[in-house]
Amino acid sequence: MRVLIVEDELRMASLIRRGLTGEGLAADVASCGEDALWMAPAHDYDAVVLDVMLPDLDGFEVCRRLRAAGVWAPVLMLTARDSVDDRVAGLDSGADDYLVKPFAFAELLARLRALARRGDTGRAAVLAVGDLRLDPATRDVSRGSAAISLSAKEFALLETFMRRPGEVLSRLHLLEHAWDFAYDNRSNVVDVYVRRLRRKIDEPFGRESLETVRGAGYRLRRDEAQ
Ligand code: CA
């Protein structure tokens, strides 16, 4: 899951970013509204955290323009005051939810998870492909009755595969959803992590669910339980 954080206060932005990456999510920071307007359409973000108070455009305007530009990633708006006017303006501009500053990080994370689920209609809270299960909220992963322990990045990569079972995902798609800007164009990192995932989710179980599709990328087979 990759999140765009739009916040000009560096301290707040880096707190949120560190919190999210600590949970295994990928996160980029836009420090003004104009940056958000080019960054958001450039990547397929799973959610946007958008502060209302920005130095150039306010969050409401940014949200309106993102929607007008066809960016439909769920938007969680951060407001400084709990005023009805702000909430209404936020929802009118196309935001999906709002959070009043100061907030507990756990609540931000819970709301982002809920929004990302909602962003994809019919998305189940717990992802399941065959007997492989992954719970984004508790971070539990299992194959049948066996619990599997994954690092934060292995988890992020598996989550990306499990959100698109049966589809061939390019290394670029996997990079964009499981990593952030720091890793752009370093696609060998994907191959390394796919091998590590195979050693944990496939080999101990005699499975070959993570397929290499030559010249295209990787695919998590839908029928891997058969
Ligand atoms: Ca701000």
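The buried residues of helix α3 pack against α2 (33-42), β3 (47-51), β4 (75-79) and α4 (84-92), where contact denotes heavy atoms within 4.5 Å. The model is a predicted one, in which local features require pLDDT of at least 70 and side-chain atom pairs count only at pLDDT 80 or more, while totals for chains, interfaces and linings use all residues. Residues are numbered from 1 along each chain as its sequence is written, and side-chain values use heavy atoms, with hydrogens and water left out.

Helices (H or I, at least four residues) and strands (E, at least two) are DSSP runs, numbered from the N terminus. Within α3, which spans residues 59-68, the buried positions are Gly59, Phe60, Val62, Cys63, Leu66 and Arg67. These residues lie on the same side of α3 because they cover an arc of only 160° around the axis, the arc being that of the directions from the helix axis to the C-beta atoms. Burial is defined as under 20% relative accessible area and exposure as over 50%, with partly exposed in between (1.4 Å probe, protein chains only). At the start of α3, the backbone nitrogen of Phe60 lies within 3.1 Å of a side-chain oxygen of Asp58. A polar contact is a pair of N or O atoms within 3.5 Å; within protein, one must be able to donate a hydrogen and the other to accept it, and residues adjacent in sequence count only if both atoms are side-chain atoms. Just after the helix, Gly70 adopts a positive phi of about 85°.

The calcium ion has as protein donors Glu7 (OE), Asp8 (OD), Glu9 (OE), Asp51 (OD) and Met53 (O), at 2.1 to 2.6 Å. Donors are N, O and S atoms within 2.8 Å of the metal (3.2 Å for Na, K and Ca); water is not among the atoms, so sites may look incomplete. Along the chain, the donors follow the spacing E-D-E-x41-D-x1-M. Glu7 is buried, at a relative accessible area of 0%, whereas Met53 counts as exposed at 54%.

Five strands, in the order β2-β1-β3-β4-β5, make up an open sheet with parallel pairing; two strands pair if DSSP finds at least two bridges between them. The edges are formed by β2 (26-30) and β5 (97-100), each of which pairs on one side only. From one strand to the next, the twist averages 20°. The parallel strands β3 and β4 are joined by four bridges, and Leu50 has Met77 in β4 as its bridge partner.

A further open sheet contains four strands in the order β6-β7-β8-β9, with antiparallel pairing. Its edge strands, β6 and β9 (146-148), each have a single partner strand, so one side of each is left without a neighbour in the sheet. Three bridges connect β6 (residues 127-129) with β7 (residues 132-135), and Val129 stands opposite Leu132 in β7. These two strands form a hairpin with two residues between them, and Gly130 in the turn has a positive phi of about 60°. Strand β7 is joined in turn to β8 (residues 140-143) by four bridges. Here Leu132 has Arg143 as its bridge partner in β8, and Asp135 stands opposite Asp140. The hairpin of β7 and β8 has four residues between the strands, with Arg139 in the turn showing a positive phi of about 65°.

Helix α6 (residues 152-162) lies across β6, β7 and β8 and runs at about 115° to β7. Axes are lines fitted to C-alpha atoms, for helices over the stretch in contact, and angles run from 0 to 180 degrees between N-to-C directions. Thr160 is part of α6 and is buried, with a relative accessible area of 6%. The side chain of Thr160 reaches the backbone oxygen of Ala156 at 2.8 Å. With residues up to four places away in sequence not counted, Thr160 touches Leu169, His173, Leu174, His177 and Ala178. Thr160 and Leu175 are 15 residues apart in sequence, and their C-alpha atoms are 9.6 Å apart in space.
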